[in-house]
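The sequence and the structure are shown first.

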Amino acid sequence: MKLEYKVEGGDFTAAGFASSQIKKILKQLNIDPSVIKRVVIALYEAEVNIVAHAYRGVIKAHIESGGITLTLEDEGPGIPDVEMAMTPGFSTATKAVREMGFGAGMGLPNISENADSFNIETIVGKGTTLTIGIKFK
Amino acid sequence: MSRTTYSRALEILDDVCIGCSHCMKVCPTEALRVSDGKAIIHADWCIDCGECYRICPNRAIRVMDDDFKQIYNYKHRVLLVPSVFFAQFDDSVPREKIYHIIGELGFTEVCAVEQSVDSLTDEVNEYVRNAQKPVISSFCPAIIRLIQVRFPSLVDHIMQLLPPIEITAQYYKNKFAKAGIPESDLGIFYLTPCIAKIAAVKSPVGGYTSPINGVINMDFFFNKVYLVYKQRLPVSGNISINGELSSKGILYPTTGGESANVEGRTLAIDGMSNVIDFLEILENEEIDGVDFLELRACDQSCAGGILSHRNRFLTAESMKKYAATAPDYHKLTLDYQRYTSAVVHMDRIEPRSMVKYDRDIDAALRKMERARELRELFPGIDCGACGAPSCEALAEDIVKGQSEINACIFLRTLYEKRGELQLEEAIKIMERIWGRSRFDKKL
Ligand SMILES: Nc1ncnc2c1ncn2[C@@H]1O[C@H](COP(=O)(O)OP(=O)(O)O)[C@@H](O)[C@H]1O
Ligand code: SF4
Ligand SMILES: [Mg+2]
């Protein structure tokens, strides 16, 4: 099954919509709760990253019997140093974003920890595409 | 869907139900449908919250309380009375009088349910210190069942300690055993403000068996007591009264009355939809640093219980007034403390998965995909004329072979307009959902 959601940069109040929709679907499919938890955490962090760091993006979810593949493609500034961005605690978030409770620099490390496969493709000045794979069993 | 019309603590009276669908609209697990002019319950999905009972305009939902007469099967008849019961009366009715009337009605002893709260509180704090956070209160049985069915990933957050009612019941059992009274002579009855508590006594969770022998409906019992009071019938006063309660105990069933006693950061949330909203974000791990959650199905907690007839705000107010006159600790606290820790624990609560589509994931995916396609055809007004609570629920029912596309009144009208469906067929479909009699009326 294929699903698609749009994400707008700066719209923090709507962030989390895609992850709660996906959560609902996975629960209805009786997927193991601990797996659902990993999907929700990874997707939520990735969704928030588009809201916090990019201009807009599209989330695509592909659910098969073996697992879920999430593709998050954004138009945005891109990530100049991916290795640095992946370091726990590293963040370029503005003070305003931090005050909203985001920007602790744990997003990307958390995604990678919860995913079975994880890939970042990014072009500075153009955008970033994250691919996250999580197996159901 | 199975045609079973019962769950554990409530049942639909087929001969009274007119299939009005009010209940179907309020069920938090979408466990109700209308078929053949009657409401039917999907027993596996029912969490005994009683929202259907609350809204039913025809009194077609029966509470599975016990026959009052069965109290006479026992020589010693103890009634465990929750503090919310006294608040059913306005403040001019003296508590002493209520106790005596309860004796007149057949009980040999009354005991205040929340007597065990003081010793339980110490256990709760000890438990919360060592448990995975946030700990979710085990007080409200409707919430426990909601979590089992709709939030299975959170079951391990539910506190594995018994609620006050069970500790008090165990205390009584123990007390009578010590006095050498045979178990078969002792009948422990609980006066319940809700349906969920009936379910909790009859089919408890966490590998526990309740010593409570029967459950009395508070709404029914209030009427009995009030009648004696109003008619000023003579009352002999032949009852042993154990009304020991601290202010903590009295307030425990009200909103915030439980969380107030727990150390650390706590929240008290009442009302089914508020609780569901919160559990959604808790499940997403969006909540950090909360130690304890008091979650109650009813608005104003037990003051708004389904079998509490009085306005919930007035009930809560009366409970607060009663608490203001009560001591901080009561005389039996030490006695309770001595053995509470030995009986208070229960096992892990198992999730009760709500199979929406299919147990097999491939089949479930196929059905879900088909349901999503169907969903696009329906108007999205959730009118309920199909006998399902929402367009989404109808789509699910169809892919499971439990309903049909033509059940949708909008699609049916479209097919009729196109000449693809005959009027007679359309009527037959309506009759299958809403019953024949509805379309035979002479106007
Ligand atoms: N989609 C994105 N577009 C641009 N930059 C991003 C994106 N996602 C992450 N980054 C960069 O990587 C850094 C680390 O991300 P993350 O670990 O999620 O921490 P945080 O979002 O709290 O800053 C961010 O501060 C940002 O500079
Ligand atoms: S809040 Fe109290 S009255 Fe309402 S369902 Fe829960 S235990 Fe019963
Ligand atoms: Mg981030």
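## Basis

This is a predicted model, in which local features need pLDDT of at least 70, side-chain atom pairs count only at pLDDT 80 or more, and totals for chains, interfaces and linings use all residues. Residues are numbered from 1 along each chain as its sequence is written, chains are lettered from A and ligands numbered from 1 in the order in which they are written, and side-chain values use heavy atoms, without hydrogens and water.

## Helix α15 of chain B

Helix α15(B) spans residues 391-399, and eight of its nine residues are buried (under 20% relative accessible area, 1.4 Å probe, protein chains only). Among the buried residues are Cys391(B), Glu396(B) and Asp397(B). Their cover includes α1 (17-28) of chain A, as well as β2 (32-35) and α14 (361-377) of chain B. After the helix comes Gly401(B), with a positive phi near 75°.

## Aromatic pairs

Over all chains there are 22 aromatic pairs (ring centres of Phe, Tyr or the six-membered ring of Trp within 6.5 Å; planes under 30 degrees apart are stacked, over 60 edge-to-face, the rest tilted). Phe68(B) and Phe221(B) form a tilted pair, because their planes stand at 35°, with centres 5.9 Å apart. The two residues are 153 residues apart, Phe221(B) lying in helix α9 (residues 218-230) of chain B. Phe221(B) is buried, at 0% relative accessible area.

The rings of Phe86(B) and Tyr99(B) are edge-to-face, since their planes meet at 65°; the centres are 5.1 Å apart.

Key: Buried < 20%, exposed > 50% of the residue type's maximum accessible area, 1.4 Å probe, protein only. Helix = DSSP H or I, 4+ residues; strand = E, 2+ residues; numbered from the N terminus. Contact = heavy atoms within 4.5 Å.
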